[in-house]
Amino acid sequence: MTASVMADDYVSVILGALADIDTADLVIETGDVSTYVGGSEADLLRYLTDLGAGLGASGRHVSLAVALSRGCPGEVVCALPGGAGLRVVEPPAARPTGIRASAEWALYPLADPVPGANGPDPDHMRDIYAAIDQAKDRGTFRKSEHFVTRLEGDLGDVLATVVAGWVLAGRSVQHVTSHVTISLNSPSWADAAATSTDPQEQTR
């Protein structure tokens, strides 16, 4: 995960947001390129929502780049192919923040073989389409772009959409990764609303 704040005081904005986050039950390793956060799906969503809300409340233009991975056969806790197996959990609930977000999201079900698994055969497009359908059901789907899906809505709903797609794909594919880039307080939103002839577009 990488947070970028488009302001001279970005350090204080980021540190201020981090100071208010409950990191219980999470493993956090910060480097000079990105920060690794490990934990349950629900705890990860809570952390990302808290961080995004804290950064968004600053009013600065913020970009969050998040890579999610579950069931990786190369992880420390899963050194052998197929060692993790399918992980079936319920998608964690969204927590509305009152902060508008737009995002470009991609999901990658990596069809690792799972010996002895009784679930459906891996089918990456089936799982991707199912994830997009749940985004439509949640009302966060905006449109399809090149190689990504555009999401819009409350930050909490957008993050929950991403995590839910990732979690649901993990019911049929062991190793699933997902990437999302989220924009908060973008100055281009005002420009787009001013030039749009679509009344609905002007209110998004």
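Which hand does the crossing of H2 and H4 have? The legends below work through this predicted model, and the answer comes with the first view.

**View 1. Helices H2 and H4 cross each other.** The crossing of H2 and H4 is right-handed. The two axes come within 10 Å and meet at roughly 155°. Angles over 145 degrees count as roughly antiparallel, so H2 and H4 are roughly antiparallel to each other. From H2, the residues that take part are Glu41, Leu44, Leu45, Leu48, Thr49, Gly52 and Ala53. Their partners in H4 are Leu155, Gly156, Leu159, Ala160, Val163, Trp166 and Val167. Sorted by type, the residues of this contact are 10 nonpolar, three polar and one charged.

**View 2. Helix H2 also packs against helix H1.** Here the axes of H1 and H2 are 8 Å apart, and the packing angle is about 135°. That angle makes H1 oblique to H2. If you follow the crossing of H1 and H2, you will find that it is right-handed. On the H1 side, look for Val13, Ile14, Ala17 and Leu18. On the H2 side, they meet Tyr47, Leu51, Gly54 and Leu55. Seven residues of this contact are nonpolar, one is polar and none is charged.

View 3. Which residues of H1 are buried? They are Val13, Ile14 and Ala17. These residues cover an arc of only 95° around the axis, which puts them on the same side of H1. Strand S1 (2–5) and H2 are included in what covers the buried residues of H1.

**View 4. Phe141 sits in strand S6.** This strand spans residues 141–144. Is Phe141 buried, partly exposed or exposed? With a relative accessibility of 24%, Phe141 counts as partly exposed, because buried would mean under 20% and exposed over 50%. Leaving aside residues up to four places away in sequence, Phe141 touches Ile132, Ala135, Lys136, Thr149, Arg150 and Leu151.

View 5. You can find Phe147 in the loop between S6 and strand S7 (149–154). The backbone is worth a look here: Phe147 has a positive phi of about 70°, although it is not a glycine. The relative accessible area of Phe147 is 80%, so this residue is exposed.

**View 6. Asp25 lies in the loop between H1 and S2.** The helix H1 covers residues 10–19, and strand S2 covers 27–30. What is the phi of Asp25? The value is positive, at about 70°, although Asp25 is not a glycine. With a relative accessibility of 66%, Asp25 counts as exposed.

Conventions
Residues numbered from 1 in each chain as written. Predicted model: local features only at pLDDT ≥ 70, side-chain atom pairs only at ≥ 80, totals over all residues. Heavy atoms only, no water. Helix = DSSP H or I, 4+ residues; strand = E, 2+ residues; numbered from the N terminus. Buried < 20%, exposed > 50% of the residue type's maximum accessible area, 1.4 Å probe, protein only. Contact = heavy atoms within 4.5 Å. Axes fitted to C-alpha atoms, helices over the stretch in contact; angles between N-to-C directions. Parallel < 35°, antiparallel > 145°, perpendicular 65-115°, else oblique. Left-handed = near helix turned anticlockwise from the far one by under 90°. Nonpolar A, V, L, I, M, F, W, Y, C, P; charged D, E, K, R; others polar. Arc of directions from axis to C-beta.
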